[in-house]
Structure formats: structure tokens, C-alpha cells
Amino acid sequence: MDSAKQLIDVPRETIKEGTQFMKRCAKPSKEEYLTICRAVAIGFAIMGGIGYVVKLVHIPINHVLVGG
């Protein structure tokens, strides 16, 4: 009987916590949204640059090792 009660209580608690979380959330202001967008764009640029540099270093090393 306890396991059946647990199966009912777990989803109920999850739904309760989810609704509390959604009530506390607020829509970001325009300034905050632009700041987040800039941070994401900078992150994409940095990761792209790192990938490009790794690829540039990998190609000559691969040709030396494989002998192509």
C-alpha cells in the first residue's frame, strides 16, 4: 500500500514544485534579453574559433602521421 501511495505522491509533488517555479519566473526585460543574446553570441564565436584552430592544427599533424 505504501508503494502505491508513493507512486501517487511523487508526480503530485513534481507538479506542485513545477507550478511554484513557474509562478516565480518573470519575463526578462529587453536589456536583460539583449545581454543574454550577446553572451550566447560571444560563446558561439569563441567555440567556433577554438574549433577552427583545432582543425588547422589537426590537418598538418594528420598528414605527417598518415603520410598523405
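Predicted model: local features only at pLDDT ≥ 70, side-chain atom pairs only at ≥ 80, totals over all residues.
The protein exposes about 6700 Å², and 69% of that comes from carbon and sulfur atoms.

Next, the fold. I find two helices and zero strands. The radius of gyration came out at 25 Å, while the globule rule gives 11 Å for 68 residues, so the protein is more spread out than a compact globule. I also checked the box around the C-alpha atoms: along the principal axes they fill roughly 70 × 45 × 10 Å.

Then burial. Buried residues account for 0% of the 68 residues, with buried taken as under 20% relative accessible area.

On to the charges. I have 9 positive and 6 negative side chains in the protein. The centres of these two sets sit 10 Å apart.

Last, the nonpolar surface. I noted a patch made of Tyr52, Val53, Leu56, Val57, Ile61, Leu65 and Val66. Together these residues have about 740 Å² of accessible area. Is Val66 buried or exposed? Val66 has a relative accessible area of 64%, and exposed means over 50%, so I put Val66 down as exposed.

Methods
Residues numbered from 1 in each chain as written. Heavy atoms only, no water. Patch = residues over 30% accessible without salt bridge, like charges linked within 9 Å, V, L, I, M, F, W, Y side chains within 5 Å. Areas by Shrake-Rupley, 256 points an atom, 1.4 Å probe, with all protein chains shown as cover. Salt bridge = Lys/Arg side-chain N within 4 Å of Asp/Glu carboxyl O. Buried < 20%, exposed > 50% of the residue type's maximum accessible area, 1.4 Å probe, protein only. Helix = DSSP H or I, 4+ residues; strand = E, 2+ residues; numbered from the N terminus. Rg over C-alpha atoms; globule rule 2.2 N^0.38 Å. Lys, Arg positive; Asp, Glu negative; His and termini not counted. Charge placed at Lys NZ, Arg CZ, Asp CG, Glu CD.
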